[in-house]
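Trainee: Could you take me through the charged side-chain pairs in this protein, slowly and in one go? I'd like to see where they sit and what surrounds them.

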Amino acid sequence: MGSRALQCEECSVLLYDEGNNEFEFFAAVGHTGKELEKERFPADRGIAGRALREQTTQVVNNVQSDPDFYRSIDEEHNFKTRSIVAAPMFTGGEPVGVLNAINKVETKYFNKVDDQILSAIADEVALAVKNAKLFDYVVNSYCKIRQGLNSCKGCSRPLKSWTPCMRQLEMSGV
C-alpha cells in the first residue's frame, strides 16, 4: 500500500462515509493494522479530516503539537503517532477518503517527495474505490431488475448466473 515506498511504520486507507460523516478504516498495514480495520471515527476530526476538508495533502512531522491531531485512535490501541502524511482521495470532485502514512522510519521526518508519492498513490486508490463502488452498484441493480427486490446478498441464483457476479465472488473469497 505504500509503507515500503515511504519507509513508514503504518499505512491506512480511510474511506469517507458521507451519510454518517465518518471515516472507516478500510485497510491498514503495520503493527496495529488489523485492529483498526472497520473502526470508524468522525470525518471532521484529525489531520485526515483536515486533509479531506482542505483537499490538500497534510505533512505533519510533530503531530503531538498539531491542534487537529485526533488522539483517540492512539490511546485506544496503545500506539504513538509521531509524524503523518495524509493525502485526500477525490474522484470527479467527490470525496472518497484519505490515505495515511504514519511515522517515518529512518529520517523521522516526511518531506515533499513523500507528499508527492502518497498523493500519486491516493489518486490511484481513489479511482479503484470508485470503480469498485460502481461495479457493486451495477451488480446490485442487475440482480434487482432480474430477481425483483432480492439482491446478490440474499439471492442464491444470480451470483453464478452472470459473469461479473462470479468475478465478485472470486474477489471476495466466497
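Mentor: Let's start with a word we'll need: a helix here is a DSSP run of at least four residues, and helices are numbered from the N terminus. Keep in mind that you're looking at a predicted model.

Now, the helix to find is H5, which covers residues 112–147. Lys112 and Asp115 both belong to H5, and as they are three residues apart, about one helical turn separates them. Their side chains meet in a salt bridge, at 3.8 Å from N to O. That counts, because the rule asks for a side-chain nitrogen of Lys or Arg within 4 Å of a carboxyl oxygen of Asp or Glu.

By the distance rule, the count comes to eight salt bridges.

Arg40 and Asp17 meet through their side chains at 2.3 Å, N to O. Arg40 is in strand S3 (residues 40–42) and Asp17 is in strand S1, so this pair ties together parts that lie 23 residues apart in sequence. Both partners are partly exposed: the relative accessible area of Arg40 is 32%, and that of Asp17 is 24%.

Next, look at Arg50 and Asp68, whose side chains form a salt bridge at 2.8 Å, N to O. Arg50 sits in helix H3, while Asp68 is in the loop between strand S4 (58–60) and helix H4 (72–77), so the pair ties together parts 18 residues apart in sequence. Arg50 is buried, at 10% relative accessibility, but Asp68 is partly exposed, at 27%.

The largest nonpolar core has 22 residues, and Leu14, Phe23, Phe41, Ile47 and Val98 touch the most other members. At least two core residues come from each of S1 (8–17), S2 (22–29), H3 (46–54), S5 (84–91) and S6 (94–104). H3 gives the most, with four residues. A second, separate core has 18 residues, among them Val85, Leu99, Phe110 and Ala126.

S6 deserves a moment too. Nine of its 11 residues are buried, so S6 is largely enclosed by the rest of the structure. S6 runs antiparallel to S1, joined by seven bridges, and Cys11 has Ala101 in S6 as its bridge partner. Eight bridges join S6 to S5, again antiparallel, and there Pro88 is partnered by Val98. S5 and S6 make a hairpin with two residues between them, and Gly92 in the turn has a positive phi of about 55 degrees.

Now zoom out. The whole protein has seven helices and six strands, and 43% of its 174 residues are buried. Its accessible surface is about 9,900 Å², with 52% of that belonging to carbon and sulfur atoms.

Technical notes: Residues are numbered from 1 along each chain as its sequence is written. This is a predicted model: local features need pLDDT of at least 70, side-chain atom pairs count only at pLDDT 80 or more; totals for chains, interfaces and linings use all residues. Side-chain values use heavy atoms; hydrogens and water are left out. Buried means under 20% relative accessible area, exposed over 50%, partly exposed in between (1.4 Å probe, protein chains only). Accessible areas come from the Shrake-Rupley method with a 1.4 Å probe; for residues, only the protein chains shown count as cover. A nonpolar core is a set of buried Ala, Val, Leu, Ile, Met, Phe, Trp, Tyr and Cys residues joined through side-chain atoms within 4.5 Å. Two strands pair if DSSP finds at least two bridges between them.
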